[in-house]
Amino acid sequence: MKAEVVQQRSLLELTELDAELSRIAHRSAHLSEQQRYEEIQAEHHAANDRLAALRIALEDLDAQVSRFESEIDAVRQREDRDRLLLDSATTNAKQLSELQHELETLQRRQSSLEDSLLEVMERREELQGRRAGESATIDRLQSDLANAQQARDDALAELDQTRHQRNSRRDELTVELNPELVALYERQRAAGGAGAGLLQGRRCGACRIEIDRGELARISAAADDEVLRCPECGAILLRGRDPGQ
Ligand SMILES: [Zn+2]
């Protein structure tokens with residue numbers, strides 16, 4: 001196949017555009033801003049889960065506090081009743097002894113309940129502190145998340161803009177190119193590699209493999225408008241402006 005030198009140069013620009021479009025696609029798929037956003041999102045979910053668990057634990061502790069308080073209240077009422085009976089003139093000696101014994105038991109019970117209540121209240125205070133900490137963390141993460149989302153959207157918008165510009169230029173170039181040359185280029189690209197590569201010294205710009213001297217001599221002897229292929233990867237081999245390059 002033959003193609004004018006100017007066509008071959010356009011093909012070189014097309015190759016560079018496609019390489020840049022690949023880099024843009026790769027960067028879009030592996031955006032560090034997206035990774036950062038996902039990391040914060042995961043932290044945010046984890047903090048919300050911890051907060052939900054703390055709320056459940058605190059509800060349970062609140063219920064325990066109420067239970068101890070009402071038990072203590074019931075014991076105190078019983079003690080008050082016993083003291084009234086102790087002071088009553090109608091209470092006989094046997095009853096007095098029983099009442100005193102019961103009062104001692106009730107006082108031990110009250111003391112034990114008060115100790116338990118104190119423990120539960122201390123635990124509740126600790127969890128309330130942790131809950132306040134998690135709420136503050138969530139507020140901070142929410143603001144970080146909004147910033148990370150903005151950064152990601154900005155990065156994507158910038159990439160989209162560049163992609164759009166490069167695709168427009170690509171369309172302009174391919175319209176001017178010989179369709180057969182474009183078809184050959186696209187077939188080569190569809191095979192997985194670059195469609196064309198610049199000959200750099202002895203090396204093919206598409207596959208980076210050095211071309212042996214015999215092939216190189218044939219390439220050097222070829223007419224400028226001859227469409228050359230890399231003997232290694234099959235890419236269209238483009239010669240630079242300086243034939244001695
Ligand atoms: Zn090659």
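This report describes the helix packing and the zinc site of a predicted model.

The model is predicted, and local features are given at pLDDT of at least 70, side-chain atom pairs count only at pLDDT 80 or more, and totals for chains, interfaces and linings use all residues. Residues are numbered from 1 along each chain as its sequence is written, and side-chain values use heavy atoms, with hydrogens and water left out.

**Helix packing**

Helices (H or I, at least four residues) and strands (E, at least two) are DSSP runs, numbered from the N terminus. Axes are lines fitted to C-alpha atoms, for helices over the stretch in contact, and angles run from 0 to 180 degrees between N-to-C directions. Angles under 35 degrees count as roughly parallel, over 145 as roughly antiparallel, 65 to 115 as roughly perpendicular and the rest as oblique. A crossing is left-handed if the near helix is turned anticlockwise from the far one by less than a right angle, and right-handed if clockwise.

Helix α2 covers residues 32-87 and helix α3 covers residues 93-176; they pack at about 165° with axes 6 Å apart. This angle makes α2 roughly antiparallel to α3, and their crossing is left-handed. The contact of α2 with α3 has 29 nonpolar, 14 polar and 22 charged residues. Here Ala, Val, Leu, Ile, Met, Phe, Trp, Tyr, Cys and Pro count as nonpolar, Asp, Glu, Lys and Arg as charged, and the others, Gly among them, as polar.

Helix α1, residues 5-29, packs against α3 at about 160°, with the axes 10 Å apart. The two are therefore roughly antiparallel, and they cross in a left-handed sense. Helix α4, residues 179-190, packs with α1 at an angle of about 30°, and the axes are 11 Å apart. Helices α1 and α4 are therefore roughly parallel, and their crossing is right-handed.

**The zinc site**

Donors are N, O and S atoms within 2.8 Å of the metal (3.2 Å for Na, K and Ca); water is not among the atoms, so sites may look incomplete. The zinc ion has the SG atoms of C204, C207, C230 and C233 as its protein donors, at 2.3 Å. The angles among the 4 donor atoms are 107 to 114°, and the site is tetrahedral. Four donors count as tetrahedral if all angles lie between 85 and 135 degrees. The ideal angle for four tetrahedral donors is 109.5 degrees.

Along the sequence, the donor residues follow the spacing C-x2-C-x22-C-x2-C. C204 in strand β2 (residues 203-204) and C230 in the loop between β3 (228-229) and β4 (236-238) are 26 residues apart, and this pair links distant parts of the chain.

**Accessibility around the site**

Buried means under 20% relative accessible area, exposed over 50%, and partly exposed in between (1.4 Å probe, protein chains only). The table lists some residues by this scale.

| Residue | Relative accessible area | Class |
|---|---|---|
| C204 | 0% | buried |
| C230 | 3% | buried |
| C207 | 23% | partly exposed |
| R208 | 45% | partly exposed |
| I219 | 2% | buried |

C207 lies in the loop between β2 and α5, and its C-alpha atom is 9.1 Å from that of G234, 27 residues away along the chain. R208 is also in the loop between β2 and α5 (213-221), and its phi is positive, near 70°. Most residues other than glycine have a negative phi. I219 belongs to helix α5; its C-alpha atom is 9.2 Å from that of R239, 20 residues apart in sequence.

Note on methods
Four donors count as tetrahedral if all angles lie between 85 and 135 degrees; four count as square planar and six as octahedral if opposite donors are over 155 degrees apart and all others between 65 and 115; anything else is irregular.
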